[in-house]
Amino acid sequence: MAEPAASVLEVRDLKTVFRTRGGEIHAVNDVSFHLRKGELLGVVGESGSGKSVTMMSLLRLLPMPPAEVRGGQAFLNGRDLISMSDEELRSVRGAKVGFVFQDPMTSLNPVFTLGNQIMEPLIKHMKMSKAQAEARAVELLELVGIPDARRRLYQYPHQFSGGMRQRVMIAIALACDPDVLIADEPTTALDVTIQAQILELVRELRQKLGMAIIWITHDLGVIAGIADRVMVMYGGQIVEQAPVRELFANPQHPYTRALLQTIPRISGPRDARLKVIEGQPPILSGPLTACPFRARCEFRHDTCDQLNPARRPIDGLPLGKGHDVACHWHAPASAEVAHA
Amino acid sequence: MLDAGAPPLVQVEDLKMHFPIYTGIFRKHTGDVKAVDGVSFDITAGQTLGLVGESGCGKSTVGRAMLRLYEPTAGRVIIDGDDVAKLAPEALRRKRPTMQMVFQDPQASLNPRMTLADIVSEPLDEHTDWTRDRKLERVYELMDQVGLNRRFVNRFPHEFSGGQRQRIGIARALALKPRFIVCDEPIAALDVSIQAQVVNLLEDLQEKLGLTYLFISHDLSMVRHLAQRVAVMYLGRIAELSPSRDLYARPLHPYAEALLSAVNEPDPELAARRNRIILKGDVPSPANPPKGCNFCTRCPKVMDICRNVKPSLAEVEPGRLVACHLYTPAAGSTGGSEANERNQQGETR
């Protein structure tokens with residue numbers, strides 16, 4: 001990876017809680033991370049790990065109540081999103097930060113033409129005239145590889161296939177030239193060959209436009225092919241963070257290791273039996289006072305029940321710059337144990 | 001056609017499942033969605049056949065038509081000696097215990113108002129005249145088999161996690177001691193860490209009970225893990241049917257090759273060196289498939305003949321069936337060998 005560039009986004013101690021009738025759910029627990037200019041940061045975790053809630057908290061996209069951002073800061077080019085007024089935040093959403101959601105079927109409005117939906121942010125945020133916006137919309141559709149863009153502009157979402165709709169979603173997110181693009185499981189609802197098209201498109205767009213991207217997914221395969229750096233989330237917190245090659249070559253957290261071993265491979269030797277992570281993910285009904293993974297961890301010991309481990313760098317670099325892990329068990333010699 | 005000495009438990013011959021399209025105020029029959037258009041395969045007793053393909057390729061429809069959840073348009077489905085496609089209603093009802101299904105979405109396939117005991121014993125109510133106690137005994141036995149705690153017997157589906165619900169679905173499928181189970185995307189709705197639990201359970205049960213599976217999935221890595229043979233479907237037809245080992249090492253059909261190259265390996269080193277085949281465009285509509293090969297609109301190796309003549313599934317190497325003009329003698333021997341070379345170059349590593 002290149003030398004560390006300046007951070008576009010810096011999140012500190014973000015905490016999000018859902019207040020439900022059954023009590024509070026602590027969905028995001030003191031999450032801190034940064035995003036460098038032009039970088040693609042992968043966020044991996046299972047459902048309920050807090051990966052989407054973290055990103056949606058930043059832009060206040062969660063229904064509040066029941067959601068409540070209980071603390072933390074998030075600096076986008078130096079301005080704190082968490083303390084911003086709703087009015088100010090509106091000028092950030094869609095303009096400085098673009099969002100691509102998982103399901104391209106439901107995130108486009110079926111009663112408006114695509115042109116309408118692509119031009120909306122251009123007219124609102126960029127104060128373009130209708131003619132200017134239209135020209136830019138055609139440009140954007142061409143950028144994301146939609147043939148016959150001018151005609152397509154006047155069509156409705158149902159006239160597009162799933163892959164095409166996801167291209168349109170990306171075009172909308174890119175409309176105002178955002179500094180940050182947040183993509184929440186953007187390829188999960190798509191078939192593999194269509195997924196491959198979208199991944200290829202994102203690779204191209206990064207080269208052309210150079211924006212920073214946060215890519216949320218549960219698919220380690222997708223992350224391996226596209227990310228520069230990866231954060232692994234579990235129980236509403238970051239349990240491991242490292243550059244992508246380092247993470248896959250040298251996973252440290254027992255959860256990351258187990259996860260990499262549970263998925264079968266498409267090439268190489270065929271495993272006789274899949275490794276299993278026993279048990280279920282935790283229910284986050286209170287602040288974490290112990291390691292959230294302890295109930296499923298094969299290396300559990302007493303400390304794990306008493307103290308929630310903090311993230312610690314394992315390579316001597318400052319936190320977030322290199323490889324860090326939140327685990328009591330972690331010790332350099334332990335690498336051989338899991339590989340044996 | 002068989003790769004082992006054991007006789008096939010399941011034989012499907014030229015299965016077709018067309019859904020009629022009616023339009024206009026007189027509901028005139030104007031066409032058909034050819035969801036499954038002439039599919040043939042067999043499954044050796046005790047083995048797993050993987051059926052892979054993208055959404056809309058007809059793989060789930062094959063599973064449903066085989067078990068007569070749909071009335072097949074044409075073709076034969078011989079399961080354990082009987083042609084299920086032609087059985088009369090009462091004979092079909094008596095046949096049902098031998099063939100069962102595990103569905104994709106355990107949330108939607110379990111009645112939210114029934115307890116676990118009700119759900120798992122419902123097949124027993126229908127097909128046996130056992131006493132309550134005997135049925136409950138069988139429910140407990142099944143719960144042990146699929147790894148559900150006996151204390152949960154009176155709980156409702158919403159009280160279980162996704163993985164546990166899928167175990168309930170499996171217990172229900174096993175209740176009548178079937179020989180053949182269609183697993184229709186049984187792990188697609190589950191988290192990664194839970195998928196392995198369910199897959200291992202399916203493998204254990206197969207070994208213990210001698211079950212035969214049709215495993216329908218879009219997860220090519222998981223199918224490689226589970227299946228001895230794999231059928232790749234595209235737009236209602238089988239593109240390639242090969243032993244798993246051969247298919248993954250060297251796919252012959254251009255679609256199988258593209259599909260495999262699109263799978264993301266959880267390995268950044270490999271991903272960087274990978275030679276991906278990015279297919280252009282989308283799958284054509286099954287209501288209006290191309291005149292020639294169904295894949296001809298997206299195939300990177302398309303030839304003139306492909307646009308006019310539908311290739312039929314033929315054995316091109318021992319045990320390997322491919323429906324592609326690249327491998328038929330008429331297309332010239334050069335086409336075939338060239339394709340082989342390219343396949344080898346496209347391989348990983």
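Student: At what angle do the axes of α6(A) and helix α7 (residues 192-209) of chain A cross?

Tutor: In this predicted model, the axes (lines fitted to C-alpha atoms, for helices over the stretch in contact, with angles from 0 to 180 degrees between N-to-C directions) come within 10 Å and cross at roughly 20 degrees. Helices here (H or I, at least four residues) and strands (E, at least two) are DSSP runs numbered from the N terminus.

Residues are numbered from 1 along each chain as its sequence is written, chains are lettered from A and ligands numbered from 1 in the order in which they are written. Local features need pLDDT of at least 70, side-chain atom pairs count only at pLDDT 80 or more, totals for chains, interfaces and linings use all residues, and side-chain values use heavy atoms, with hydrogens and water left out.

Student: Why are α6(A) and α7(A) called roughly parallel?

Tutor: Angles under 35 degrees count as roughly parallel, over 145 as roughly antiparallel, 65 to 115 as roughly perpendicular and the rest as oblique. The crossing of α6(A) and α7(A) is at roughly 20 degrees, and the two helices are therefore roughly parallel to each other. The crossing is right-handed, a term for the near helix being turned clockwise from the far one by less than a right angle (left-handed if anticlockwise).

Student: Which residues make the contact of α6(A) with α7(A)?

Tutor: From α6(A) come A:Gly163, A:Gln166, A:Arg167, A:Ile170 and A:Leu174, and from α7(A) come A:Ile194, A:Gln197, A:Ile198, A:Leu201, A:Val202, A:Leu205 and A:Leu209; contact means heavy atoms within 4.5 Å. By class, this contact has eight nonpolar, three polar and one charged residues. Ala, Val, Leu, Ile, Met, Phe, Trp, Tyr, Cys and Pro count as nonpolar, Asp, Glu, Lys and Arg as charged, and the others, Gly among them, as polar.

Student: What makes α4(A) oblique to α6(A)?

Tutor: The axes of α4(A) (residues 130-143) and α6(A) come within 9 Å and cross at roughly 130 degrees. That angle makes α4(A) oblique to α6(A). The contact joins A:Arg136, A:Leu140, A:Leu141 and A:Leu143 of α4(A) to A:Val168, A:Ala171 and A:Leu174 of α6(A). It holds six nonpolar, no polar and one charged residues, and α4(A) passes α6(A) in a right-handed crossing.

Student: Why are α3(B) and α5(B) called roughly parallel?

Tutor: The axes of α3(B) (residues 116-127) and α5(B) (residues 162-174) come within 7 Å and cross at roughly 30 degrees. The two helices are therefore roughly parallel to each other. Here B:Leu116, B:Ile119, B:Val120 and B:Pro123 in α3(B) meet B:Ile168, B:Ala171 and B:Arg172 in α5(B), a contact of six nonpolar, no polar and one charged residues.

Student: What makes a space a pocket, and what makes it a cavity?

Tutor: On a 1 Å grid over the protein atoms alone, a cavity is a set of points where a 1.4 Å probe fits but cannot get out, and a pocket is an open set with protein on both sides within 12 Å along at least five of seven lines; lining residues have an atom within 4 Å of a point. Points are joined across faces, edges and corners, and a volume is the space filled by probe spheres set on them.

The second largest pocket holds about 680 Å³ of space. Among its 23 lining residues, A:Arg93, A:Gly94, A:Glu120, A:Pro121 and A:Ile172 are the closest to its centre. Two or more lining residues come from each of β6 (97-100), α3 (114-125) and α6 (162-174) of chain A, with the largest share, six residues, from α3(A). The lining divides into 11 nonpolar, eight polar and four charged residues.

Student: How many cavities of 30 Å³ or more does this rule give?

Tutor: The count comes to 10. The second largest cavity has a volume of about 100 Å³, and its lining includes B:Tyr234, B:His253, B:Cys293 and B:Phe295. Strand β10 (residues 237-243) of chain B gives the largest share, three residues. By class, the lining has seven nonpolar, two polar and one charged residues.

Student: Which omega values belong to the cis peptide bonds at A:Pro65 and A:Pro66?

Tutor: Omega is near -15 degrees from A:Met64 to A:Pro65, and near 5 degrees from A:Pro65 to A:Pro66. A:Pro65 is in the loop between α1 (51-58) and β4 (67-76) of chain A.
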